[in-house]
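Please have the sequence and the 3D view ready, and follow along as we go.

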Amino acid sequence: MRNRPGSNHLNSESEANGNPFQVDRMPGLRVCLLGLLLLAPLLVVSGRLMFIQMMNAEHFYAQFGKTTESFETIPSRDGRIVSIDGRVLAMDVERFDLQVHYRWLEEPPNERWLKQQTLTLLKPVERRQKEKVEAAREKVLARRQQLWEELALVMRVPEQDLLTSGNEIQKRVENIIDSVNERAEKKRAETAPSESVEETTETEPADYPQAFWKLLKETLTRPPRRPRRERIVVREELDYHTVKSGIPREIALAISAHPEHFPGVNIQVATLREYPQKTIAPHELGIRHRIDEKTLAARQERFPDGDPLDYQEGDRIGKMGIERSYDRFLRGLRGLKRVVKNRQGEIIRSEVVREPKSGDDVVLTLNTRLQGEVQNLLDQSLGELAQQKDENDAPTMEPSTGGCIVVLDVRSGAIVATASAPRYDLNLLLNPSPEEWQAVLDDPRRPLFPRATQMMLPPGSTFKALTSIAILESGKIDPDEMYPCRGYLDRPDRHRDFIYRHYGVGHNDINLTQALCQSCNVYFFQAARTMGPETLCHWADQLGFGKPTGIDIPGERGGHLPDPAPDRKKGKSPWYPGDTLGIAIGQSRLTVTPLQIARLMAVVANNGELVVPHLAYSIVPSAESTTTTRQIISHPQRYVSGIHPDTLERVREGLIDVVANPHGTGYKTVRMKEISIAGKTGTAETGGGKNDHAWFAGFVPATRPKYAFAVVIEHGGSGSRVAGPVAQKLVRAMLDTGLLQPTAAKLQAN
């Protein structure tokens with residue numbers, strides 16, 4: 001029976017079906033097959049591990065000690081600015097900073113870094129020996145301590161000073177680390193709730209494929225999450241930090257020459273701009289400062305194929321004065337250095353690929369000895385004006401806001417001295433404190449204002465020299481004809497002379513030379529009325545008024561020369577008869593700069609040559625330049641067309657009498673026994689209840705002129721009483737410095 005115990009009906013059916021293989025009879029076979037299936041991958045992994053450990057270990061050790069190569073720039077030296085008498089006015093100085101890698105100054109040392117330093121001292125087979133690893137670790141710790149001792153010895157400073165500086169750096173970096181990691185923790189805390197909500201959201205069975213695809217996509221594309229216990233390593237931990245600034249050059253070279261004795265140490269070289277003479281001609285020298293984004297973008301747009309001066313962010317560029325005008329010569333070109341670093345960012349090797357090229361030197365026409373004397377003279381004169389008091393011990397006048405003196409060569413236009421007061425220290429602008437900068441800005445006297453080229457004032461009677469040229473060239477007035485001066489032109493209350501306002505008298509009969517000598521306003525009023533404003537303004541335009549002189553520093557202003565031609569389309573103010581009379585004596589709407597008046601005197605002195613005032617004399621190539629030839633800078637000059645030598649001779653005669661004639665306005669305050677001086681006083685009315693501007697302009701020596709000059713004291717009062725004595729002291733300073741030699745003064749009067 002088939003249902004009895006132990007029936008073999010199953011076997012009978014299997015045999016009947018023709019299937020001779022029975023798995024149940026061989027269970028060990030299945031176990032062996034499964035074991036082989038699992039063992040095969042393990043054998044592959046084990047074999048790979050043995051290969052890496054025994055045969056390919058050096059490859060991975062090499063990866064551990066892999067280095068990175070980068071290129072760093074070497075700062076170059078910008079050219080110097082030197083005066084004609086050899087004094088350095090602007091220069092670059094090298095500054096050496098001692099830098100130490102953060103891991104070398106960190107206390108206690110970072111364990112991961114310490115382990116890496118330890119392993120680099122051992123061979124691969126020694127890294128499994130605990131005793132040798134421990135010995136190498138102690139060696140690294142001892143080397144850290146020895147580093148500070150050797151640095152203190154070579155720098156001749158207490159070791160504690162270096163350690164203190166290192167501790168301050170560590171505190172600063174640790175504050176950065178804490179701040180960065182706190183922000184990271186806060187951000188993780190803010191994002192944690194949203195993540196937990198996403199994890200607990202139930203998914204409907206129909207959305208399983210879409211949810212699976214989303215999970216797979218996030219898993220493959222999302223960066224791995226940083227474990228909470230691992231803090232963020234900031235850049236400052238892998239960088240060098242300045243421990244000592246401004247170390248001597250010989251010490252920096254000694255440290256750089258022996259890197260094996262100073263691991264983790266780097267010498268950072270930088271250049272700083274200095275102005276050794278400080279307050280000597282600051283407005284004219286200008287300053288080099290960090291290039292701004294707007295200027296850098298403009299240069300990149302101008303030179304799309306590469307800036308020939310290689311300006312980059314953080315570089316210095318000329319901002320004002322000579323520094324800006326001759327920036328293309330002064331600018332040095334940086335060098336290039338190849339630097340090799342290890343994985344920890346420590347420098348292990350460096351070499352110079354391209355040497356830096358220094359900028360060329362610019363030699364100026366300034367005589368610094370005279371410049372210093374002139375600046376002191378101007379400061380002293382302004383100080384004396386501020387101290388003047390009347391019988392009641394009250395100030396006789398409001399303090400002058402400033403002044404200016406310009407001295408130039410009548411033949412070449414070279415400026416030998418140009419002083420503005422007040423002035424500032426150029427080094428102050430390099431790195432001023434907020435308090436110092438605000439004090440300069442709040443000074444009502446405007447020390448930053450370049451008065452020689454941008455101060456526009458009415459010239460007063462100094463302009464009568466030009467009016468005299470116009471009178472003589474017009475041919476409408478006989479210069480020898482006597483004109484009766486009664487002290488006023490038409491009415492006693494208008495268009496008057498200085499002596500009429502104060503003494504009630506006129507100059508009586510007077511000709512052109514005498515009118516120029518005694519500064520007779522009425523004579524020039526009548527002459528201007530006779531010849532008309534067109535002639536007067538024509539010669540003013542010919543002699544360069546109303547436009548810049550072309551001096552080689554930026555920002556010059558040209559003053560204002562009114563135009564008598566009516567032109568309502570341009571919105572010009574109408575021309576009145578009083579404007580003609582006012583311009584004839586340097587008033588009305590006419591404004592000029594001190595530089596323009598000095599050039600006017602040079603034109604009279606050099607027989608009509610209109611020179612271009614300039615400060616740069618030559619360019620001296622740097623030591624790295626391919627040429628050693630000094631380049632003399634040429635400046636254009638031209639003779640004023642239509643002006644006759646006799647005209648200028650007659651004007652010079654009047655200007656000489658201003659000082660030499662007892663009736664001249666400068667006789668008492670300007671005349672000197674040692675040398676003859678020619679010039680013209682000027683008192684320019686300002687209105688508004690303010691004091692007049694005091695002028696004196698002229699040339700010296702009077703007979704064979706070498707130098708023309710202009711002196712102006714803002715709101716100083718009378719030209720003869722205030723500017724005249726300053727002009728006399730100026731000429732005396734020129735004698736003392738050797739620019740002029742004493743001559744027998746011509747004192748006879750016409």
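**A sheet and its helices**

Strand β11 and strand β21 (residues 707-713) pair in the antiparallel sense over 7 bridges; two strands count as paired if DSSP finds at least two bridges between them. The model is predicted, so local features need pLDDT of at least 70 and side-chain atom pairs count only at pLDDT 80 or more, while totals for chains, interfaces and linings use all residues. Residues are numbered from 1 along each chain as its sequence is written, and side-chain values use heavy atoms, with hydrogens and water left out. Helices (H or I, at least four residues) and strands (E, at least two) are DSSP runs, numbered from the N terminus.

- In β21, you will find F709 as the bridge partner of V407.

**The whole sheet**

- The order of this open sheet of 5 strands is β12-β11-β21-β20-β19, with antiparallel pairing.
- β12 and β19 (678-684) are at the edges with a single partner strand each, so one side of each has no neighbour in the sheet.
- From one strand to the next, the twist averages 5°, where angles run from 0 to 180 degrees between N-to-C directions and axes are lines fitted to C-alpha atoms, for helices over the stretch in contact.
- β19 and strand β20 (residues 693-700) pair in the antiparallel sense over 7 bridges.
- In this pair, F699 in β20 stands opposite A678.

**Helices on the sheet**

- Helix α23 (residues 594-605) packs on the sheet and touches β11, β12, β19, β20 and β21; contact means heavy atoms within 4.5 Å.
- The direction of α23 makes about 145° with that of β21.
- Helix α26 (residues 719-736) packs on the sheet too, touching β11, β19, β20 and β21, and its direction makes about 35° with that of β20.

**A helix pair**

- Helix α20 (residues 521-531) packs with helix α22 (residues 577-584) at an angle of about 130°, and their axes are 8 Å apart.
- The contact is made by F524, F525, A528 and R529 of α20 together with T580, L581 and A584 of α22.
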